[in-house]
Amino acid sequence: MARSARSSTMRLLYTLCSSSLRPQAQSSTAGLLAGSFQLRHFSAGSAAALRLKEEKEAWWKESLQKLRNIGISAHIDSGKTTLTERVLYYTGRIHEIHEVRGRDGVGAKMDSMDLEREKGITIQSAATYCSWKDYQVNIIDTPGHVDFTIEVERALRVLDGAVLVLCSVGGVQSQSITVDRQMRRYEVPRLAFINKLDRMGADPWKVLNQARSKLRHHSAAVQVPIGLEDDFKGLVDLVNMKAHYFHGSSGEKIVIEDIPADIETLALEKRRELIEAVSEVDDKLAEAFLSDEPIPPIELEGAIRRATIARKFVPVFMGSAFKNKGVQPLLDGVLSYLPCPTEVSNYALDQTKNEEKVMLSGSPAGPLVALAFKLEEGRFGQLTYLRIYEGVVKKGDFIVNVNTGKKVKIPRLVRMHSNEMEDIQQAHAGQIVAVFGVDCASGITCDTFTDGSVRYTMTSMSVPEPVMSLAVSAVSKDSGGNFSKALNRFQKEDPTFRVGLDPESGQTIISGMGELHLDIYVERMRREYKVDATVGKPRVNFRETITQRAEFDYLHKKQSGGQGQYGRVIGYVEPLPPGSPTKFEFQNMLVGQAIPSNFVPAIEKGFKEAANSGSLIGHPVENIRIVLNDGAAHTVDSSELAFKLAAIYAFRQCYAAAKPVILEPVMLVELKAPTEFQGTVTGDINKRKGMIVGNDQEGDDCVITAHVPLNNMFGYSTSLRSMTQGKGEFTMEYLQHAQVSQDVQMQLVNTYKASKGVE
């Protein structure tokens with residue numbers, strides 16, 4: 001209606017103009033009027049489009065601001081899975097609470113594997129999502145055992161924030177330090193939660209001081225407990241200065257009251273300590289603090305949020321997940337202090353611009369960039385977990401694997417709730433989803449997927465080297481197919497689990513992060529694939545290296561009718577300097593055309609192949625630099641094979657002159673035992689050629705830290721239990737490869753020679 005009225009007015013104007021103007025002027029005026037009419041139309045349309053875009057952006061922004069991606073990590077038995085179970089209950093995702101080792105036999109929601117429920121430990125990280133106060137929270141519950149450290153590694157790689165759970169009795173333990181180091185590596189802002197305040201001997205202030213000294217956290221408590229151990233009743237919120245009590249059968253009713261008079265002085269002192277700690281790293285709060293102004297809760301909350309997101313401060317919450325106290329305030333803390341996806345800087349590498357760093361906007365409006373961080377074999381095929389960093393992905397879309405260049409269609413898109421799935425039509429930036437039918441490499445490479453408009457790759461994660469190997473074989477010959485299927489699947493799912501073949505014995509060798517890691521896989525093979533496997537004696541992954549420079553000059557010459565073989569290589573080998581990023585380095589220092597350049601890759605390949613097996617005990621040689629500076633070639637007889645063989649024999653020729661030594665994996669062992677057994681335990685570590693580096697006292701227990709060769713640690717758990725009447729416990733993790741003593745080297749070399757002689 002409005003449009004027809006507007007056009008009739010335009011026609012009238014045009015008629016009036018045309019009657020009074022000359023023909024030339026008429027045409028120009030008509031053009032002018034038509035132009036202005038189009039311009040108005042265009043500006044009205046573009047304004048509407050702009051308004052629509054702004055509305056859409058505002059909706060995305062609000063949606064992303066109300067999203068949190070968090071991980072829950074800690075030392076073994078600190079209560080991670082119990083805490084996640086309470087979080088799911090209070091947010092309405094589950095309707096009843098089950099314990100990790102509950103008598104009802106159901107087990108915690110996040111421990112979906114039968115083995116996890118039986119052993120009471122988390123083996124695989126599990127993803128879920130829930131809603132709390134209109135916010136969407138994606139949670140990944142991770143294992144605490146050092147053997148499954150890769151699960152923590154890949155979870156932290158894709159998360160925006162984390163909760164570090166600490167036991168109020170055990171305090172900061174060895175795996176707490178490892179997990180915290182992983183959080184630093186991926187620059188993840190975190191909250192600390194001191195759990196188990198109901199346990200005897202609970203001391204949150206001791207744990208807070210340990211976090212400051214051992215983890216170098218700039219932290220302060222945001223809560224004060226009302227009573228401890230059996231008298232633990234509730235918590236004082238130091239930001240709002242109110243007491244919180246948790247009533248009801250499962251602590252679901254929160255009663256907020258004034259602070260009890262007997263702890264008011266402590267609460268005021270701890271609040272001042274909190275403000276001081278935050279003002280050290282936040283200028284805005286520092287101004288208010290220095291001018292002695294009273295600091296309102298909203299200002300303090302804003303300052304804690306800014307400092308936490310900048311990773312300059314770690315707020316410390318308290319509670320007891322098992323007794324259903326303190327979980328809801330922790331959830332509020334996740335919303336208040338941890339970042340949303342747009343507040344975290346994520347970078348990709350542009351493959352079209354020589355891996356130039358590109359900052360991702362984190363907005364759904366950009367091109368699709370998603371990272372596959374975990375693979376799992378499900379009932380319906382391979383499940384690939386994706387973290388979407390930018391753009392939108394829809395069911396039925398085609399996406400491109402940047403690493404392989406393959407274009408794949410997404411047949412099914414799901415959100416995970418432990419082992420349950422919920423089908424969704426689309427997912428946007430900031431979300432963690434899983435897709436079926438998308439094949440990619442194992443977790444080592446971390447494949448990046450895009451919509452094809454950009455060639456971005458995300459940086460891959462750090463994967464520790466396996467430290468222990470076992471020989472395995474299927475008991476029944478009929479189960480050979482399932483045996484290899486199981487090993488292939490486990491290897492694809494877990495980058496720290498490696499499968500190889502011993503070239504001498506022909507046995508299948510599995511390698512992993514420790515005894516428990518490999519035992520779990522052997523057990524899973526039996527349960528999931530019905531394959532009984534016989535397991536050989538654990539074998540340590542030794543390495544060899546050289547200690548001095550040695551020259552080589554080798555001529556490989558063979559004539560047997562027809563074309564012969566001819567290749568001469570001259571150069572030297574030397575050890576790499578300590579702390580080198582690579583373990584093998586090849587340098588081509590050839591001058592002129594003594595060796596044609598097309599043969600140099602074959603020479604490098606030959607040296608690499610030779611370094612796979614040292615002559616001392618047949619283990620790989622590392623920390624070695626090989627320099628090729630001269631050689632000779634024959635116009636007819638020289639070939640790639642001739643030079644490759646020349647390199648292999650040259651390496652063997654000079655290896656003994658380079659004074660090779662054997663390196664063995666050394667473990668960082670932390671053990672805790674009653675003080676009365678300290679002498680026996682210390683003596684046993686010395687007997688195992690361990691070096692004690694720390695000895696602390698914690699109440700009636702002594703905590704010993706030592707560096708012990710892994711080869712001497714087999715069966716240690718049984719020995720420790722018998723020495724300490726079952727009261728001792730220990731954890732160990734890989735520290736480094738170190739040189740073995742001369743007597744051990746002689747023993748290993750003789751054993752190797754004897755085994756070779758038998759064969």
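How are H5 and H6 oriented to each other?

1. The model is predicted. In it, helix H5 (residues 149-158) packs on helix H6 (residues 174-185) at an angle of about 30°, and the two axes lie 9 Å apart. Angles under 35 degrees count as roughly parallel, and H5 and H6 are therefore roughly parallel to each other. The crossing of H5 past H6 is right-handed.

2. On the H5 side, the contact is made by Thr149, Val152, Glu153 and Leu156. H6 contributes Gln175, Thr178, Val179, Gln182, Met183 and Arg185. Sorted by class, the residues in this contact of H5 with H6 are 4 nonpolar, 4 polar and 2 charged.

3. Strand S35 spans residues 660-674 and is mostly covered, with 14 of its 15 residues buried.

4. S35 pairs with strand S38 (residues 729-739) in the antiparallel sense, over 10 bridges. Within this pairing, lysine 672 is opposite glutamate 729 of S38.

5. Strand S37 (residues 701-709) also pairs with S35 in the antiparallel sense, here over 9 bridges. Methionine 667 has valine 708 in S37 as its bridge partner.

6. Strand S30 (residues 543-546) is joined to S35 by 4 bridges, and these two strands run antiparallel. Glutamate 544 stands opposite isoleucine 662 of S35.

Note on methods: Residues numbered from 1 in each chain as written. Predicted model: local features only at pLDDT ≥ 70, side-chain atom pairs only at ≥ 80, totals over all residues. Heavy atoms only, no water. Axes fitted to C-alpha atoms, helices over the stretch in contact; angles between N-to-C directions. Parallel < 35°, antiparallel > 145°, perpendicular 65-115°, else oblique. Left-handed = near helix turned anticlockwise from the far one by under 90°. Contact = heavy atoms within 4.5 Å. Nonpolar A, V, L, I, M, F, W, Y, C, P; charged D, E, K, R; others polar. Buried < 20%, exposed > 50% of the residue type's maximum accessible area, 1.4 Å probe, protein only. Pairing = 2+ DSSP bridges.
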